[in-house]
Amino acid sequence: MEPPCSSESIYNLIPSDWKEPPQPPRYVSVFKAAVKEDMQKFKTAVKTMGPAKLEIPSPKDFLKKHSKEKTLPPTEKKFDRNEPRKPPVPLRTDHPVMGIQCEKNFINTNAADVIMAVAKKPKPVYVDRRTGDKHDLETSGLVPKYINKKDYGVTPEYICKRNKEAKKAQEEYDNYIQENLRKGAIKRVSDEEREAVLQGLKKKWEEVHKEFQSLSVFIDSISKKIHKQKLEEEMKQLEHDIGVFEKHKIIYIANK
């Protein structure tokens, strides 16, 4: 087997007259010059961190020694050596002035103050143990001080106002119902009809609940999930309707 010739190459398979296809012209925005000019203008305005023109410090104003030390304020009063001084401390040999007596009788004064003073009332306490443990009677709840108030047992004003508003609203509602009854716009559901509808709702709820209990434990498909949500919504609506019929004994419906 002869060795391959050095002139043989895979690139020789490409035609010699093949040229790369020309590239499409690059898109250039017509606003390129205006945007570039605006960017340069606003960028130059805040190019530095300080003002545009900063005064250069003079070489003569260099930092000098002790130039930043705080100076004490000038004293308002100067020291005068000839100013009179305070009186000296008494000597050990000096004796105080003797023989000065007070004519006030402190015993009689104190006795008169005690006699003329108003007697202090003892604080009311109660003892609950034989060892003598004392407690304050005022805050114990044993003194009937609340029942002696003027407004004890009186209905508060805000409750009376609320009751009047509720009574007025009930009267307006009753008048509205009577007016619609006279016009024939609504009619009252009888007790037999109400009981029949209530029993029908309960029966329907039991059927839906039984179907809900029969669902598989593992919900592995979208159809099962939608069916479960539908049953839950139906049970919730039935429970709401049953609660309405059980709560309201009198029910009115509109005539078609």
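What follows is a list of stops, each with something to select and something to look for. Keep in mind that this is a predicted model.

**Stop 1: a nonpolar patch**

Start by selecting Ile10, Tyr11, Leu13, Ile14 and Trp18. These residues form a nonpolar patch on the surface, and together they have about 680 Å² of accessible area. Now click on tyrosine 11, which sits in the segment before α1. Is tyrosine 11 buried or exposed? Its relative accessible area is 65%, so tyrosine 11 counts as exposed, given that the cut-off for exposed is over 50%.

**Stop 2: a charge over a ring**

Next, select phenylalanine 62 and lysine 64. Turn the view until you look at the face of the ring: lysine 64 lies over the face of phenylalanine 62, at 5.8 Å from the ring centre. While we're talking about rings, how many aromatic pairs does the structure hold? The number is zero.

**Stop 3**

Move along to histidine 66, in the loop between α1 and α2. Here's a bit of background: most residues other than glycine have a negative phi. Histidine 66 has a positive one, near 60 degrees.

**Stop 4**

Now pick asparagine 105. You'll find asparagine 105 in the loop between α1 (32-45) and α2 (106-116). With a relative accessible area of 37%, asparagine 105 is partly exposed. What does its side chain reach? A polar atom of the asparagine 105 side chain lies 3.3 Å from the backbone nitrogen of isoleucine 107.

Then click on isoleucine 107, which is in helix α2. Its relative accessible area is 66%, so isoleucine 107 is exposed. Run the distance tool again, this time from isoleucine 107 to proline 15: the C-alpha atoms are separated by 141 Å, and the two residues are 92 residues apart along the chain.

**Stop 5: salt bridges**

Time to look at charges. Side chains of opposite charge can pair when their charged atoms come close. How many salt bridges does a search of the whole structure find? It finds five, and we'll visit some of them.

- Select glutamate 138 and lysine 145. They form a salt bridge, with the closest N and O atoms 3.8 Å apart. Glutamate 138 is partly exposed at 41% relative accessibility, and lysine 145 is partly exposed at 35%.
- Select lysine 204 and glutamate 234. This is a salt bridge too, with 3.9 Å between the closest N and O atoms. Lysine 204 lies in helix α4 (residues 191-213) and glutamate 234 in helix α5 (residues 222-247), so the pair ties together parts that are 30 residues apart in sequence. Lysine 204 is partly exposed at 36% relative accessibility, and glutamate 234 is partly exposed with a relative accessible area of 28%.
- Select aspartate 220 and lysine 224. Their side chains meet in a salt bridge of 3.2 Å, N to O. Lysine 224, at 34% relative accessibility, counts as partly exposed.

**Stop 6: two residues in helix α5**

Stay around for serine 223, which is in helix α5. Which side chain does the side chain of serine 223 contact? Select serine 221 to find out: the two side chains make a polar contact at 3.3 Å. Serine 223 has a relative accessible area of 53%, so serine 223 is exposed.

Lysine 236 counts as exposed, at 62% relative accessibility. The C-alpha atoms of lysine 236 and tryptophan 205 are separated by 9.2 Å, and the residues are 31 residues apart along the chain.

Note on methods. Residues numbered from 1 in each chain as written. Predicted model: local features only at pLDDT ≥ 70, side-chain atom pairs only at ≥ 80, totals over all residues. Heavy atoms only, no water. Helix = DSSP H or I, 4+ residues; strand = E, 2+ residues; numbered from the N terminus. Buried < 20%, exposed > 50% of the residue type's maximum accessible area, 1.4 Å probe, protein only. Polar contact = N/O pair within 3.5 Å; in protein donor to acceptor, adjacent residues only side chain to side chain. Phe/Tyr/Trp six-rings, centres within 6.5 Å; stacked < 30°, edge-to-face > 60°. Lys NZ or Arg CZ within 6 Å of the ring centre and 35° of its normal. Patch = residues over 30% accessible without salt bridge, like charges linked within 9 Å, V, L, I, M, F, W, Y side chains within 5 Å. Areas by Shrake-Rupley, 256 points an atom, 1.4 Å probe, with all protein chains shown as cover. Salt bridge = Lys/Arg side-chain N within 4 Å of Asp/Glu carboxyl O.
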